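Hello,

Here is the structure I promised to pass on. Please open it first, then read my notes below.

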Amino acid sequence: MSRYLICSDIHRKINNFRLALEEAGKDGLDGVIIAGDFELDTSEIVDLVPRSSTLRIVKGNCDGSNAYGIPLLATFKIGKFNFLLTHGHNYQVKSDLDTLMYVASYQKANVVIYGHTHEYDD
């Protein structure tokens, strides 16, 4: 079984991110997925993520020049699942998920990971 830490909206709280990595990594960690608004230099994140882990990251609306080269949307596969990763601000996720679901369908994604709302949603 694969283990991933999925987070969003870190907003410069590097110590909280570090603690989450430590807790999640106790039994091994295959990857880290960040749905934007980290507001840190990407080098700070890369330095914390274990070298044996895959890092998937997208840019959020609060990520400025520190996120140069980071995409707004990413698609990838883990096992038999197709993932779509975005922060969500470009898809109006605070009002409804219709646009995001349309994009997910177009990208043939089985799983969508997004942030921006600061709320858990399944």
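Two rings of Phe, Tyr or Trp count as an aromatic pair if their centres lie within 6.5 Å. Note that this is a predicted model.

Aromatic rings first. The structure has one aromatic pair. The partners are Phe-76 and Phe-83, with 5.2 Å from centre to centre and 5° between the planes. Planes under 30 degrees apart count as stacked, so this pair is stacked. Phe-76 and Phe-83 are both buried.

Next, the cysteines. Cys-7 is buried, with a relative accessible area of 17%. Cys-62 is partly exposed, at 36% relative accessible area.

Last, the backbone. Arg-12 has a positive phi of about 65°, although it is not a glycine. Arg-12 sits in the loop between β1 (4-7) and α1 (14-24). Asp-37 also has a positive phi, about 55°, and is not a glycine either. The place of Asp-37 is the loop between β2 (31-34) and α2 (42-48).

Asp-37 is buried, because its relative accessible area of 2% is under the 20% cut-off.

Best wishes

Methods:
Residues are numbered from 1 along each chain as its sequence is written. This is a predicted model: local features need pLDDT of at least 70, side-chain atom pairs count only at pLDDT 80 or more; totals for chains, interfaces and linings use all residues. Side-chain values use heavy atoms; hydrogens and water are left out. Buried means under 20% relative accessible area, exposed over 50%, partly exposed in between (1.4 Å probe, protein chains only). Rings of Phe, Tyr and Trp (its six-membered ring) pair if their centres lie within 6.5 Å; planes under 30 degrees apart count as stacked, over 60 as edge-to-face and the rest as tilted. Helices (H or I, at least four residues) and strands (E, at least two) are DSSP runs, numbered from the N terminus.
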